[in-house]
Protein chains: 2
Amino acid sequence: MKTTKKYGKKTDLALNLWVKLSRAFAVINKKATEDIAKYGLTEPQFCVLECLGHLGQLSIGELTRKQLVSAGNMTVVVNNLEKEGLVERSREPGNRRVVKVQLTAKGSKKFDEIFLNHAKYITHLISVLTEKEQSDLAKLLKKLGLIVQQLNHNTK
Amino acid sequence: MKTTKKYGKKTDLALNLWVKLSRAFAVINKKATEDIAKYGLTEPQFCVLECLGHLGQLSIGELTRKQLVSAGNMTVVVNNLEKEGLVERSREPGNRRVVKVQLTAKGSKKFDEIFLNHAKYITHLISVLTEKEQSDLAKLLKKLGLIVQQLNHNTK
DNA sequence: TAATAATAATTGAAGTTTATACTATTCAAA
DNA sequence: TTTGAATAGTATAAACTTCAATTATTATTA
């Protein structure tokens, strides 16, 4: 195990955490994406189905905010889901700028078929940690994510 | 705070961790990518420069394994860095299938200019956690990443 | 009310990403 | 030693991703 201090203790500690966080995410995300691919979906497509399946009708803007993604990107992903007949668009009556997206019957069926299986698969992966480790880890990650998100964009 | 048990305790615990992990990664990665963009680089381009800057000459294959990325992808990223004159390719004399990639003088200069500043920025973000929290978190993430990576691909 | 600004989504260009297929080189074995 | 398998990297197609520019709609304000 490398313990060399290269940039000072504080920096090394933080960089090490960032490396471990990136790595853990990448490893699990890769397997999760492979699992989703078995159902004929890409990972971002699955995320949209999951959002709509759990929360119902959402606008493009709401989807982008939930997934930290650009609007242009969401338009493309929704286009591809629409081609497959899994979701459909409709204009909001009160504000015609807004496009609402919702599952079709086919999309709803697909969501039901996939979600539980995928959840079991993720649970299987994560269960390499004890329940206490899982809740400790989740607590720390929640704190990290929330505070960093609130940091001022322009603070360097 | 939602505490509804929807899919059973074990599954809810694991899914919650996966959500928090994805979120924390996404939030920090977004800011890190924005920081890197200030230097005229994309995030994967920066990763390649960082690897080469710290480890010296590496093959395409070594780079893909370090970054959990496909070889086709690495070819493209290295192509783009080569266009900018930041890296250069050379064939390995002993095994002419292997392409070694290394920083040019320009790339090395860029690496020196960028890395410390970016490291300071990441440290600034991560420092919303105490040092103890950082080391606890890093330890758990390391365990999670390592064990999941070793899981058999075909185990479902 | 008419001009201007703000908001929501889309489009287009450039880059990233994967999977698959392909080329070149090396290794293994009949 | 020649055939066949394995390895390293590249080319291609389809999808994702961002940013910047554009269109349509709504809100503001002079």
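Helices (H or I, at least four residues) and strands (E, at least two) are DSSP runs, numbered from the N terminus. Under that scheme, helix 4 of chain B gives the largest share of the surface near DNA strand C, with 4 residues. A residue is near a strand if one of its heavy atoms lies within 4 Å of it.

This is a predicted model, in which local features need pLDDT of at least 70 and side-chain atom pairs count only at pLDDT 80 or more, while totals for chains, interfaces and linings use all residues. Residues are numbered from 1 along each chain as its sequence is written, chains are lettered from A and ligands numbered from 1 in the order in which they are written, and side-chain values use heavy atoms, with hydrogens and water left out.

**DNA strand C**

- DNA strand C has 23 residues around it; G61(A), T75(A), R89(A), T42(B) and N80(B) are the closest.
- Of the DNA strand C atoms that come within 4 Å of the protein, 79% belong to sugar and phosphate.
- Polar contacts are pairs of N or O atoms within 3.5 Å; within protein, one must be able to donate a hydrogen and the other to accept it, and residues adjacent in sequence count only if both atoms are side-chain atoms.
- N80(B) places a polar side-chain atom 2.4 Å from a phosphate oxygen of DNA strand C.
- R96(B) uses a polar backbone atom instead, 2.9 Å from a phosphate oxygen of DNA strand C.
- At least two residues of this surface come from each of helix 3 (60-67) and helix 4 (71-83) of chain A, and helix 2 (43-55) and helix 4 (71-83) of chain B.
- The surface near DNA strand C holds 8 nonpolar, 11 polar and 4 charged residues. Ala, Val, Leu, Ile, Met, Phe, Trp, Tyr, Cys and Pro count as nonpolar, Asp, Glu, Lys and Arg as charged, and the others, Gly among them, as polar.

**DNA strand D**

- DNA strand D is surrounded by 23 residues, with T42(A), S70(A), N80(A), G61(B) and T75(B) the closest.
- Sugar and phosphate make up 82% of the DNA strand D atoms within 4 Å of the protein.
- A polar backbone atom of S70(A) sits 2.8 Å from a phosphate oxygen of DNA strand D.
- R97(B) reaches a base oxygen of DNA strand D, with a polar side-chain atom 3.1 Å away.
- Helix 4 of chain A gives the most to this surface, 4 residues.

**Helix 5 of chain A**

- Helix 5 (residues 105-126) has 22 residues and spans 32 Å from first C-alpha to last, close to the 32 Å expected at 1.5 Å a residue. The expected span is 1.5 Å times one less than the number of residues.
- A kink of about 25° is centred on I114(A). The bend is the angle between axes fitted to the seven residues ending at a residue and the seven starting there.
- Buried residues (under 20% relative accessible area; exposed is over 50%, partly exposed in between; 1.4 Å probe, protein chains only) in this helix include F111(A), I114(A), F115(A) and H118(A).

**Single residues**

- E133(A) lies in helix 6 of chain A. It counts as buried because its relative accessibility is 18%.
- Beyond neighbours within four places in sequence, E133(A) is in contact (heavy atoms within 4.5 Å) with L140(B) and K143(B).
- L68(A) is not a glycine, yet has a positive phi of about 50°. L68(A) sits in the loop between helix 3 and helix 4 of chain A.
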